[in-house]
Amino acid sequence: MSGEVSSLDFAPLSEVSALPGATNVGSAIGLYARQTAGFDERVARTVEVLKQAAADFGPGALQSTSLGVEDMVITDLIARHGLPIALATLDTGKLHAETLALIPRIHDRYGIEVEVFAPVREQVVHFVRANGEEPMYRSVELRKACCGVRKLEPLSRMLAGRTAWITGLRREQSANRAEVPFREDDGHGRTKINPLAEWSWADVWHYVQQHVVPYNPLHDEFMPSIGCAPCTRAIAVGEDFRAGRWWWEDSSKECGLHATHAEPDSPSATESEPEASPPTSTSGAQA
Ligand code: SF4
């Protein structure tokens with residue numbers, strides 16, 4: 001495929017509009033979508049970054065999608081421009097049902113299969129037996145160990161044999177990501193490509209509105225960054241985009257997938273910490 005594909009070539013909009021999260025009444029679209037100066041130019045640069053990735057890396061390039069709204073925008077651009085870039089995601093076993101529902105929705109909308117990488121079952125069973133089902137609240141070490149088993153190990157299989165991976169990182173997402181470039185070395189011999197590096201949150205939702213991009217309805221519930229269910233909560237007005245991730249920690253809010261944008265943990269975060277009580281509710285943080 002090549003050239004821009006009309007959205008009419010995708011699933012009928014009537015079907016898409018009927019999907020949860022596709023309306024803009026009381027939704028993230030209604031709250032955040034805004035066209036700002038330079039939007040069309042930013043979209044054009046993103047398309048160029050994606051086209052160049054396909055040209056430079058061929059089948060070595062992969063979109064590693066978290067199924068978050070930024071990644072859904074990238075998937076839409078890949079489909080819309082007929083780029084030969086494969087998609088894969090991680091199913092940690094702890095994702096919200098709303099997140100997993102996007103996998104068939106991507107297929108229905110764009111005709112693209114998303115390859116799913118899950119953790120090794122025996123490793124999960126062993127980890128849960130040793131530490132309990134939700135040990136992440138007890139220490140940063142246990143949280144990182146859980147991310148290691150459920151995310152980093154399957155990610156290493158996902159990226160095996162690939163030379164480039166495409167992510168939805170944006171500079172605006174957090175202080176750690178303020179310098180995200182379009183292209184960078186991931187520290188493991190691959191190129192990491194961040195085509196939305198310069199996009200704002202308003203840009204993302206304006207694009208979603210313009211192109212009727214399917215998205216996770218949890219974004220409508222004040223969750224800008226959606227990870228595993230036990231480790232994601234809604235944020236309050238004025239909080240950082242990633243404040244709802246591992247909110248009980250005083251850490252860099254990174255799980256290791258994007259280690260180049262994680263600050264080294266403070267000694268108090270890497271050495272043994274006093275146990276913290278598991279959070280009992282997330283609703284108090286909702287705006
Ligand atoms: S985000 Fe939470 S549940 Fe998911 S792998 Fe990391 S610690 Fe485990």
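Reader: Which residues lie nearest the centre of the largest pocket?
Author: This is a predicted model. In it, Y32, I235, A236, V237 and G238 lie nearest the centre of the largest pocket. They are among the 12 residues that line the pocket.

Reader: How much space lies in that largest pocket?
Author: About 200 Å³.

Reader: And how does its lining divide into nonpolar, polar and charged?
Author: The lining of the largest pocket has 10 nonpolar residues, 1 polar and 1 charged.

Reader: Now the cavities. How many are there of 30 Å³ or more?
Author: The structure holds 2 of that size.

Reader: What lines the second largest cavity?
Author: T92, K94, M136, C146, C147, R150, K151, G227, C228, C231, R245 and W246. By class, that lining comes to 6 nonpolar, 2 polar and 4 charged residues.

Reader: Let's step back to the whole chain. How many helices and strands does it have?
Author: The protein chain has 10 helices and 6 strands.

Reader: What share of the residues is buried?
Author: Of the 287 residues in the chain, 54% are buried.

Reader: And the surface, how much of that belongs to carbon and sulfur?
Author: Carbon and sulfur atoms account for 54% of an accessible surface of about 12,700 Å².

Reader: Last one, on contacts. What share comes from residues 24 or more positions apart?
Author: Counting contacts with a separation of 6 or more, 74% are between residues 24 or more positions apart.

How values were computed
Residues are numbered from 1 along each chain as its sequence is written. This is a predicted model: local features need pLDDT of at least 70, side-chain atom pairs count only at pLDDT 80 or more; totals for chains, interfaces and linings use all residues. Side-chain values use heavy atoms; hydrogens and water are left out. Helices (H or I, at least four residues) and strands (E, at least two) are DSSP runs, numbered from the N terminus. Buried means under 20% relative accessible area, exposed over 50%, partly exposed in between (1.4 Å probe, protein chains only). Contact means heavy atoms within 4.5 Å. Accessible areas come from the Shrake-Rupley method with a 1.4 Å probe; for residues, only the protein chains shown count as cover. On a 1 Å grid over the protein atoms alone, a cavity is a set of points where a 1.4 Å probe fits but cannot get out, and a pocket is an open set with protein on both sides within 12 Å along at least five of seven lines; lining residues have an atom within 4 Å of a point. Grid points are joined across faces, edges and corners, and a volume is the space filled by probe spheres set on the points. Ala, Val, Leu, Ile, Met, Phe, Trp, Tyr, Cys and Pro count as nonpolar, Asp, Glu, Lys and Arg as charged, and the others, Gly among them, as polar.
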